[in-house]
Amino acid sequence: MLRMDVDRSSLCNCVVNFLLEENYLLTAFELLHELLDDGRDAQAIRLKGFFSDSSQFPHDQISRLNSIRVADPQSLLEEKEALVEKLSLNEYELRLAREDIEKLKTELEKKSKPSSDELNGHKTETSVNSGSDPQQQTRETSSSDFGVLKDNERRDLNCAVKEYLLLAGYRLTAMTFYEDVTDQNLDVWQNSSACCTDALRHYYYQYLTSISEAAEEKISLLIENECVLKENEKIENELRSLQKYKDVSDAQVSALNKSLEALQTNLQDKEKLVQELKQALKHQRKNLNDCRAEITSLKMHNEGSLLAQKSVIGDTEDVQTHSVERYMEEISLLQKKIETLKATQSVPGEISRSIDGDQEINEKDNEVVKSNMSIIIKSSDDKGLDSPDFMDTPFSVDQRFDECGTCGTFNIPDQIPGVITASPLHDNDLTVKSGQVIENGGVLKPEILDAELVSQKMGMGTVQILSDALPKIVPYVLINHREELLPLIMCSIERHPDSQTRDSLTHTLFNLIKRPDEQQRKIIMDACVTLAKNVGEMRTETELLPQCWEQISHSYEERRLLVAQSCGELAEYVRPEIRDSLILSIMKQLIEDSTIVVREAAAHNLALLLPLFPNMDKYFKVEEIMFQLLCDPSGVVVEATIKQLVPALINWGNKLDHVLRVLVSHMLGSTQRCPPLSGVEGSLESHLHVLGERERWNVDVLLRLLFELLPFVKQRAIETCPFPTSSENSETIFTTSLLQLYASGQAEWSGFEWLHIDFFPAIIQLASLLPQKEDSLRTRLVKILLAVSEHFGDDYMAWFMIPVFSVAVGNDDDLTFFPSKIQPKIKGLRPKLSVAKKLATLCVLPLFLAGVLGYPNQREQLTEYLRTLLVQASSEQDGQYTKHLDGIFNSVRFLCTFEEHHTMVFNILWEMVASSNTDLKISAANTLKVVVPYVDSKVASTHVLPALVTLGSDPNLNVKFASIDAFGAVAQQFKNDVIVDKIRVQMDAFLEDGSHEAAIAVVRALVVAIPHTTDRLRDYLLSKIFQLTNAPFPMSDIMCRRDRANAFCESIRALDATDIPANSVRDFLLPAIQNLLKDPDALDPAHKEALEIIGKERSGGTFDSISKVMGSHLGLASSMTSLFGEGGLLGSSSSTNKKETTTDSQLAVTAAEAVELPKVSLQPPIIAAEDTRFRRIMRGSFTDMLKGKKAEEK
């Protein structure tokens, strides 16, 4: 197989040499394509070089030959028939080729395997084929020593080549070879010694053995063969050693697999152990929480006991001091009552029942306590324990006894303010006993109250009662007064031992007000912060934060606002690892909220949260959130992000470089993802991108952020300065001496180099992507550049900013203050291609003028540069600036958007107006035209109009016509009566010349102003159109007639879309339409249809009768009421052709025979109720569509 490939390559090279030597170029060209299709690039190298030689085949001749033939339907039909015939021929040849393949396969199977000698020959020929180039060159040079081919030799070689091409499968090349060989029938090969099967191969072998170098080559091949055998033996030895190494490695792998299995088993055991330890830890934590709750309960009980003990003891002493006599009287009364009860023999039964039914009485007493709880709490707030009302409250005997008539004890009365009463007969209640037993027939003696039992009831009982009562009390309190319940709710949450009850109260705290306003949210958050301080980190995490998570998807935005505020303010009171996990997750979800105020609050509170993060692990996630907020569609959210979140992120993360890099990337990416202005690759518009509303907003926000980050950039440049600075003031640190040290390249200054290495090229690239209408973004860029100049000073602007932007617009500038390694990158900003230069003039030059040279300290340089730019662009012929006049005018226009530059621009324009150079005057007029929209009426009256009047009186027609267009721009912009009168006077002066060009220029200039100007100027234009259409005009110049008709028709259609007074319609509009219809050859069909419809609607039917009369004399179609009738625009082509073949002579004859038209009243009809103005506007667009359709049909 190897020998067959070598023979094939050698024979192919012989065929290539033969075809080129015999000048069979078509065959060689076809062979090149088939070799490339087969993937045989090595054999096609010489053919590629031959046909790509420009000296042999000049490009201009090839392009001329390619452009000679123009395809037409007949030739395409003929080619199609030829291709069909060729296809049938190819199918036939394909069938023959398949038969040949089958035959060859049969012969190949019959052949025996090659001998060892033939294998050696194969390897030798392979070495020959891959041998050195000098041997091949020797062989090629020796082939030319045989002399010129004889005719019989050429015939034999032709037949042999034909046979080789067919055997090799190059059928198309063989067919082309038939066409190249015209003096021989290749199908007939005369019987001679050269005629044999596979002749070309035999010729090649005979050639190899006939040359003197063959023996040497064979010896070298044998030597190489021996080397190859040694190499093979060496490779086999290496293979055996590798096999042994593989066996060892397999053994090691199996051992490692067993070890891995053992490790996995061990790992599973350890995982089980870890799970068990986790369960034990969880159980221990639960026990610990229970212990903490119990400790909290005991603490509250202890505090309540101490407080109650003090209050009760003090109260008891006061009561005993002031009421001893009263007690004695009551005791005597009590004794009498007891004796009376004994007489009735009902006391023992009552006492026994009270002792046996202690539990029943206790439950009844608890109900009494709960029913009086609200009154007692209110009384405790209004009257303290030491109040006079409390001291003066009398005790009565009746109040010491239960309503059931029980005796033996008496309790503190319910009427005592500030005291929580206890049940009368419970063992643990507050009771006054006589020696703790009943003596002398049941008479009780007063004792000191049990302080410990009282404190227990006042502590735990109060918290429990509050916890049970608050959820029922809150709904019935007015919303504006619910915040007064916050101390009670906080106390209950803080002291209650049950976690579920605390969760319920925390839920009540967060839901205290359904839709809290800002002040109410602040009160609730202050309460939450105070509670978090008191309960500690663990309870804040387990009780307060879950409430935040539950409220995050609430339907009311005020509740979600409360969640955002709580995340920012409670983060200080939780563990650090919770801040950047749970709280950050809550903030992330709030940032995606649908309400603007919630996203704004999330941005604000995220800024408060960042300094509390324990580490920088979440930096990139927070940065991503920050850019997400920056691209928010709400300006409020963006403002909060820029003013609060971004500074907090930079101060916390200290990664200003990364923020700037991502910022620039987002800015350029948002613009580049927008579709191009044009799909024509290589054009100027293909480099500009059409920004959507969202993309424009995003780019504007990112530019605002860039503006806000400039102080940070300056501070970083100062902090990273590697050179000693003599000035302590940061405003004057970037001096010329410091910049010279930087230019020496002694040290790197990364914080400073970012501006001119990365920032300015990014600004230039962004400006080169923005179309002309994106003035708002371009203004933002100018503000950024002016801020850079302000922060870094005049020296930096003079030696860095001006050179960078000057090079970017195509100028040469001084780069001595840039280090040598940076200079090539700055020079790379200079545009090289023609499109790049136009782009720089259109997009970068406005920034250079307004943002760099527009700095207040550079006004003189700006004036000089702009004067030079305008003068050179206007005076040079085919110069650098002349090709980019539109871009220069656009730059001046953008410069005039800044009012502070108006005086300077108009001074330069006056110099150009006063110049004797015609090109300067034309440029001045064009510049005035583009700057008019950016000046006020005062500037227009004092500067623009006088300059245009001066230019309008110039004898040069080009200057005059340029000023006419500028007058149209002024008329479009201003409605001031004084300005309109000046325009009318000047237009009259233009029309007095009587030239065709001036009339058309005036009409076209004023048409642009029709939708925006006053009624006076519209009436003026309509009257002038009537005068111009009524004036005689030479009938010989059909092109001029068509220009006039088109200009007048466009004006009439534009005026028809406005409100025209009735007298103007009668006196000017309808007569002007009639005058235009008198010359049908000059009218465009679409204009003609529009004029007929306008005339019919404006005249109310009288115009139709006039048209019929005119049509009978002028040969016009009588019916103009239908667009699609026989005489309409889309009617039969025969009628259209008939009208178009009407000659001027026929029109003259019919006009001469015409009789006087009847006098028809042109009084406009009474205007109908409906307004037809919208219909007239729509008709203008409809006739444009008809015009386009008519052009397509033609």
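Q: Why is Asp700 called buried?
A: The relative accessible area of Asp700 is 14%. Buried means under 20% relative accessible area, exposed means over 50%, and partly exposed lies in between, with a 1.4 Å probe and protein chains only. Asp700 therefore counts as buried. This is a predicted model, in which local features need pLDDT of at least 70 and side-chain atom pairs count only at pLDDT 80 or more, while totals for chains, interfaces and linings use all residues. Residues are numbered from 1 along each chain as its sequence is written, and side-chain values use heavy atoms, with hydrogens and water left out.

Q: Where is Asp700, and what does Asp700 touch, not counting residues up to four places away in sequence?
A: Asp700 belongs to helix H29; helices (H or I, at least four residues) and strands (E, at least two) are DSSP runs, numbered from the N terminus. Leaving out residues up to four places away in sequence, Asp700 touches Leu777 and Arg780, where contact means heavy atoms within 4.5 Å. Cys631 is 69 residues from Asp700 along the chain, and their C-alpha atoms are separated by 9.7 Å.

Q: What describes the packing of H27 and H29?
A: Two packed helices are described by the angle between their axes and the distance between the axes. The axes of H27 (residues 635-653) and H29 (residues 693-719) come within 11 Å and cross at roughly 35 degrees. Axes are lines fitted to C-alpha atoms, for helices over the stretch in contact, and angles run from 0 to 180 degrees between N-to-C directions.

Q: Which kinds of residue form the contact of H27 with H29?
A: Residues of H27 including Val638, Ile642 and Ile650 meet residues of H29, among them Trp697, Leu705 and Phe712. The contact divides into 10 nonpolar, 2 polar and 4 charged residues. Here Ala, Val, Leu, Ile, Met, Phe, Trp, Tyr, Cys and Pro count as nonpolar, Asp, Glu, Lys and Arg as charged, and the others, Gly among them, as polar.

Q: Why is Asn654 called exposed?
A: Asn654 has a relative accessible area of 67%, and is therefore exposed.

Q: How do you know that Arg893 is buried?
A: The relative accessibility of Arg893 is 8%, so Arg893 counts as buried. Arg893 is part of helix H36 (residues 885-895).

Q: What joins the side chains of Arg893 and Asp775?
A: A polar contact of 2.7 Å joins them. A polar contact is a pair of N or O atoms within 3.5 Å; within protein, one must be able to donate a hydrogen and the other to accept it, and residues adjacent in sequence count only if both atoms are side-chain atoms. Not counting residues up to four places away in sequence, the residues that Arg893 touches include Gln772, Val930 and Tyr934.

Q: Why is H36 called largely enclosed by the rest of the structure?
A: Of the 11 residues of H36, 9 are buried, so H36 is largely enclosed. Among these buried residues are Ile888, Phe889 and Leu895.

Q: How do you know that the span of H38 agrees with what it should be?
A: The expected span of a helix is 1.5 Å times one less than its number of residues. H38 (residues 918-931) has 14 residues and should therefore span 20 Å; its end C-alpha atoms are 20 Å apart, which agrees. At the start of H38, a side-chain oxygen of Asn917 comes to within 2.9 Å of the backbone nitrogen of Asp919. The buried residues in H38 include Leu920, Ile922 and Leu928.

Q: How many helices and strands does the protein chain have, and what percentage of its residues is buried?
A: The protein chain has 50 helices and 0 strands. Of its 1194 residues, 42% are buried.
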